[in-house]
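The sequence and structure come before the notes.

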Amino acid sequence: MLNKAILMGRLTADPALRHTQSNRPVTSFALAVDCSYGKEQQADFIDIVAWNKTAEFVCQYFRKGLLVAVEGRLQTRFWEDKQGNKRKSVEVVADRVYFAESKKAEPQPEFAPTEMEVPFEGTPDDDLPF
C-alpha cells in the first residue's frame, strides 16, 4: 500500500503551536495550492497537521504567504460535533516541511570602509591554515 502526499503552496495564516494534554507539540495550517485550469486561476485549500519537532520547526520559521513544500500522508478522521452530527475530515499529516523559495533580500547598507579596516597584506606564499 502507498499513502504519500507531496504539495507545494502558500500558507494561508501564521501557524500556531499547541500542545496536547500529554504535552505533545502540534500545529495545523492550510496551504493554498494552485490548481489553475486554462486561463482560470483557482486554488485548493489543503489542511495540514504537523507533530513534534516538525510542528515546532514550522511555527518557528514559517509565516503567512510563504511558499512551502510538504511531504506526508493523507489521513481521514471521523468524529461527532456538539450537535451529534457525524463529521469527516481529510488532512495531510506532514512528515517533512521545506522552504520552497529563497529568503527575500533584505536591504543592505552600502559598504563604507572605516579607519579600523586594514587591507590584506599577505602574499600568496604565506602559510594558510587550509
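Arg 96 has a relative accessible area of 43%, so this residue is partly exposed. The model is a predicted one. Salt bridges with shared partners join Arg 96, Glu 71 and Lys 4 into one network.

**Salt bridges**
- The whole structure contains 6 salt bridges.
- Arg 96 and Glu 71 meet through their side chains at 3.3 Å, N to O; Arg 96 is in strand β6 and Glu 71 in strand β5, 25 residues apart.
- Glu 71 also forms a salt bridge with Lys 4, where the closest N and O atoms are 2.6 Å apart. Lys 4 sits in the segment before β1, 67 residues from Glu 71.
- Glu 71 counts as buried because its relative accessibility of 15% is under the 20% cut-off, whereas Lys 4, at 45%, counts as partly exposed.
- A salt bridge between Arg 10 and Glu 101 has an N to O distance of 3.4 Å. Arg 10 belongs to strand β1 and Glu 101 to the segment after β6, so this pair ties together parts 91 residues apart in sequence.

**Strand pairing**
- β1 pairs with β5 in the antiparallel sense over 6 bridges, and Arg 10 has Leu 67 in β5 as its bridge partner.
- β1 and β3 also run antiparallel, joined by 2 bridges; Leu 11 stands opposite Leu 31 in β3.

**Nonpolar core**
- The largest nonpolar core has 17 residues, and Leu 31, Phe 62, Val 68 and Val 97 are among those with the most contacts inside it.
- β1, β3, β4, α1, β5 and β6 each supply at least two residues of this core.
- Beyond its neighbours within four places in sequence, Val 68 is in contact with residues including Leu 7, Leu 11, Leu 31, Phe 62 and Val 97.

Note on methods: Residues numbered from 1 in each chain as written. Predicted model: local features only at pLDDT ≥ 70, side-chain atom pairs only at ≥ 80, totals over all residues. Heavy atoms only, no water. Core = buried A, V, L, I, M, F, W, Y, C linked by side-chain atoms within 4.5 Å. Buried < 20%, exposed > 50% of the residue type's maximum accessible area, 1.4 Å probe, protein only. Helix = DSSP H or I, 4+ residues; strand = E, 2+ residues; numbered from the N terminus. Contact = heavy atoms within 4.5 Å. Pairing = 2+ DSSP bridges. Salt bridge = Lys/Arg side-chain N within 4 Å of Asp/Glu carboxyl O.
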